[in-house]
Structure formats: structure tokens, C-alpha cells
Amino acid sequence: MAAVTVVMETELGAIEAEIDTVHAPITAANFLKYVDRGWYSGGQFHRTVKPDNQPNNAVKIEVIQAGLGPGTPSFTAIPLERTSVTGLSHVDGTLSMARDAPDTASDEFFICIGDQVSLDFAGKRNPDGQGFAAFGRVLKGMDVVRKFRGAC
């Protein structure tokens with residue numbers, strides 16, 4: 001299957017993203033299940049992580065995080081597709097699944113603002129060193145992503 005393009009319509013503008021079904025097939029399929037069912041409709045970018053709001057983290061990152069609308073169900077968590085296997089990296093505009101422990105990602109995702117390689121496998125953001133599952137990239141709309149950084 002080839003890459004799939006999705007457009008996220010937000011109150012601050014549109015974000016067009018390419019979902020990498022080739023390199024991250026499990027994570028991409030999971031994300032697209034939510035998209036196909038319309039479950040991100042009513043969802044929102046609800047969290048901004050930037051250097052000044054993570055005082056207790058030794059490794060700072062910069063991302064905006066989105067999730068489903070209130071009351072929307074989630075699918076079962078998926079296995080973590082490590083960047084050491086997919087070959088993807090958390091660079092500016094990367095879409096990735098949020099998680100707590102490995103194999104706990106379900107519907108929450110984030111978009112990197114700037115290169116965030118500490119989120120890759122063996123990165124230092126999480127003590128487990130397993131990183132996060134990158135699965136896509138912004139094609140158009142990084143200006144909108146940066147607007148959210150200031151709005152959330």
C-alpha cells in the first residue's frame with residue numbers, strides 16, 4: 001500500500017499529512033482506522049509541550065498533541081513500532097503516537113516542532129529508551145502547527 005494523505009481541518013487552518021503505511025504499517029493502520037471512522041472529528045490539539053513547560057524533564061522536547069473528542073471510544077493499544085526498525089525519525093513535522101509504556105499507544109498522537117531525535121529509539125526522553133512510533137509527516141500546514149504551539 002502506498003502512503004496515504006489526510007487533511008486535518010482545525011480552527012487555526014488545515015494540516016495536510018502523509019501517513020507512511022510502508023515503513024510503519026501497524027501504527028499507520030491504527031491511525032487510519034480512527035480517521036476512516038471519523039473518530040478524530042470533534043477531537044482537538046489539547047497539549048503543547050515546549051521547553052518552558054517541562055521543568056522536571058532533563059530532555060526537553062517540542063510537540064503538539066491531539067486526541068479524540070470526549071466520549072469517543074478507543075481501540076486496543078498497538079505494539080510499538082520502534083524507529084530502529086522503521087527507519088523513520090522524529091524530525092520537524094513528524095507525526096508519532098503518544099504512549100506511556102511500550103505497546104500502550106492507541107489514539108493520541110503528536111506532531112514534532114523541530115527535530116526531536118530524543119524521541120527515537122535509544123533516545124533519552126523516556127527512561128525505557130524505546131522511543132515513540134513515528135508514522136507520518138506534515139506536507140503542508142506547519143504554520144498551523146506552530147500556531148497551536150502558542151494557542152494551547
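Where is the place of Val59?

Val59 lies in the loop between β3 and β4 (63-67), in a predicted model where local features need pLDDT of at least 70, side-chain atom pairs count only at pLDDT 80 or more, and totals for chains, interfaces and linings use all residues. Residues are numbered from 1 along each chain as its sequence is written, and side-chain values use heavy atoms, with hydrogens and water left out. Helices (H or I, at least four residues) and strands (E, at least two) are DSSP runs, numbered from the N terminus.

With a relative accessible area of 23%, Val59 is partly exposed; buried means under 20%, exposed over 50%, and partly exposed in between (1.4 Å probe, protein chains only). Leaving aside neighbours within four places in sequence, Val59 is in contact with Gln54, Ser118, Lys124 and Arg125, contact meaning heavy atoms within 4.5 Å. The C-alpha atoms of Val59 and Val117 are separated by 11 Å, although these residues are 58 residues apart along the chain.

## The sheet

An open sheet is formed by 7 strands in the order β1-β2-β7-β5-β6-β4-β3, with antiparallel pairing. The edges are held by β1 (4-10) and β3 (44-49), each with a single partner strand, so one side of each has no neighbour in the sheet. From one strand to the next, the twist averages 30°; axes are lines fitted to C-alpha atoms, for helices over the stretch in contact, and angles run from 0 to 180 degrees between N-to-C directions. Two strands count as paired if DSSP finds at least two bridges between them.

Strand β7 (residues 133-140) is joined to strand β5 (residues 94-97) by 4 bridges, and the two run antiparallel. Within this pairing, Leu95 has Gly136 of β7 as its bridge partner, and Ser96 stands opposite Ala134 in β7. Strand β2 (residues 13-19) also pairs with β7 in the antiparallel sense, over 4 bridges; here Glu16 stands opposite Lys140.

## The cavity

The structure holds 1 cavity of 30 Å³ or more. A cavity is a set of points, on a 1 Å grid over the protein atoms alone, where a 1.4 Å probe fits but cannot get out, and lining residues have an atom within 4 Å of a point. The largest cavity contains about 40 Å³ of space, volume being the space filled by probe spheres set on the points, which are joined across faces, edges and corners.

Among the residues lining the largest cavity are Thr27, Ile78, Glu81, Met97, Arg99, Asp103 and Ala133. By class, this lining has 7 nonpolar, 2 polar and 3 charged residues; Ala, Val, Leu, Ile, Met, Phe, Trp, Tyr, Cys and Pro count as nonpolar, Asp, Glu, Lys and Arg as charged, and the others, Gly among them, as polar.

Notes: On a 1 Å grid over the protein atoms alone, a cavity is a set of points where a 1.4 Å probe fits but cannot get out, and a pocket is an open set with protein on both sides within 12 Å along at least five of seven lines; lining residues have an atom within 4 Å of a point.
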